Amino acid sequence: MAKNLATDMAPPFVLVAHYFIAGAIFYAFSAFLLPFYANEVSGYFLSSTIASLMHLYLLGFVMMTIFGAMYQLVPVVLEIPLFSKDFAYIQFYMFVSGILLFTFGLWDENYTQILPYGAMLIYVSMLIFVANVFLTYRGILRWDIVAKFILVSNIFLLIGVTIGFIIALNLIYGFYPDIENLVQMHIATTIFGYVIMTIMGIGMILLPMFSLSHGFKQTAIEISFYTIIIGLLLFLAGALFGITLLKFGGVIFIAFSICSALYQMYLIFSTRIRKQNDFWAKNMMASFATLIISFLILATGIITKNDLFYLLFGFTLFFGFFGFFVVGHIYKILPFLVWYQRYSPLVGKLKVPMLNEMVKEKIADIQFWVTLAGLLLAIIAIALKVPVLFQVGTMIMGIGTLLVIYNIYYTLIYGIDELENYYKGLENGNN
């Protein structure tokens, strides 16, 4: 599968680096804000302060990193050039500005008047991204399962951010009374329709490539593709018209889709050539384990109708599944991008590094265990409603984010001095 990657179609590395670096900064920022939310542990899970933090993390870290990966992978995997690199740069600066304004407006009620401006910037930046993807698709020739996932996920993203923009305006102007149904539709379309579907799609490229797996069937992921679409449409219809049975049917289909996708991931891992559990494999195992745990927590919340389980579900899904999955792939994607941009022209001319040399493996391994320990402490703290333990756990998680940033910095500067000396030597030799 990796042989089919059309790397010549890739955009400039500096474009993708914008998104990855900003995503890592937002990751650390979110983690170090978590201890200040200790008193929210026993509060209402849909409070504006929690919504502020969740949007900072989801938009600033998860979505930012996904956008960067998409700008790299869409042209490469689909073998078509990105429609506009300028659109991608414009989107980046609008997106960052919008996130800062929007989350601050949610966090401090004295500044709610800036909410619409932040929401507008986020909304327009998302429209730019979706338009860029759709226009790129005009030249597609091969409609495989990955292409289908990316296209449909962007359709749900468009629906989700439109609903989100309406919610933001409604917080100020109060023109729609049933805000909870809108929030449910927003969560369903953005988290499950975009983020989860995108992870399913790009996972079919990245997981086999990084684990060196082959010879597995794709029936499970194809089933997952159609069932999650059915589930989302049922859920949206149920929320829109207030029909609980439809919403429940949608949840069943979505849950089945995720189970089918997890089975597909199991098939991929069971056929992998690379059996050692390196830092990437550990992150993948932790991400899928926390995904399963989060949905068991959600099921418990639905049965018991206890808001605490919804808070636990969101925390475990966001900081467990999303966190481990994204960080694990940053450790793989970023070194490859730096290597391709910096060293690929020099193959055969001088000794070039292996990709694993461009990451401090011990630091990555320590970061994994530190983050996992902090996450488990924070989850226990939420379950037992112990704010002090939550502060301890989230501060430990914050240390983990600093280690991620260190490794990103190490990868970005790897070999710069040696290459500068090499090119200076060539110039002096020519002179």
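**Note on helix packing and selected residues**

1. Lysine 385 counts as partly exposed, at 48% relative accessibility. The classes are buried under 20% relative accessible area, exposed over 50% and partly exposed in between, with a 1.4 Å probe and protein chains only. Lysine 385 sits in the loop between helix H11 (361–384) and H12. Its phi is near 55°, a positive value in a residue other than glycine. Helices here are DSSP runs of H or I with at least four residues, numbered from the N terminus.

2. A word on the basis. This is a predicted model, in which local features need pLDDT of at least 70 and side-chain atom pairs count only at pLDDT 80 or more, while totals for chains, interfaces and linings use all residues. Residues are numbered from 1 along each chain as its sequence is written, and side-chain values use heavy atoms, with hydrogens and water left out.

3. Lysine 305 also deserves a look. This residue lies in the loop between H9 and H10. Its phi is positive, about 55°, although lysine 305 is not a glycine. Lysine 305 is exposed, with a relative accessible area of 73%.

4. Next, the helices on either side of that loop. Helix H9 (residues 279–304) and helix H10 (residues 307–342) pack at an angle of about 165°, and their axes are 8 Å apart. That makes H9 roughly antiparallel to H10. Axes are lines fitted to C-alpha atoms, for helices over the stretch in contact, and angles run from 0 to 180 degrees between N-to-C directions. Angles under 35 degrees count as roughly parallel, over 145 as roughly antiparallel, 65 to 115 as roughly perpendicular and the rest as oblique.

5. The crossing of H9 and H10 is left-handed. In a left-handed crossing the near helix is turned anticlockwise from the far one by less than a right angle; clockwise gives right-handed. By class, the contact of H9 with H10 has 21 nonpolar, 11 polar and one charged residues. Ala, Val, Leu, Ile, Met, Phe, Trp, Tyr, Cys and Pro count as nonpolar, Asp, Glu, Lys and Arg as charged, and the others, Gly among them, as polar.

6. Now H1 and H12. The axes of helix H1 (residues 13–33) and helix H12 (residues 387–413) come within 8 Å and cross at roughly 160°. That makes H1 roughly antiparallel to H12. Their crossing is left-handed. Residues of H1 in the contact include Phe13, Ile21, Tyr27 and Phe32, and those of H12 include Met397, Gly398, Leu402 and Ile408. Contact means heavy atoms within 4.5 Å. By class, the contact of H1 with H12 has 14 nonpolar, three polar and no charged residues.

7. H12 on its own: 27 residues, reaching 39 Å from first C-alpha to last. That is close to the 39 Å expected at 1.5 Å a residue; the expected span is 1.5 Å times one less than the number of residues. Glycine 415 follows H12, with a positive phi near 75°.

8. Isoleucine 179 lies in helix H6 (residues 179–211). At 28% relative accessibility, isoleucine 179 counts as partly exposed. Leaving aside neighbours within four places in sequence, isoleucine 179 is in contact with Ile167 and Asn170. The C-alpha atoms of isoleucine 179 and isoleucine 167 are separated by 7.2 Å, and the two residues are 12 residues apart along the chain.

9. Histidine 186 is buried, with a relative accessible area of 16%. Leaving aside neighbours within four places in sequence, its contacts include His55, Gly160, Ile163 and Ile167.

Technical notes:
Helices (H or I, at least four residues) and strands (E, at least two) are DSSP runs, numbered from the N terminus.
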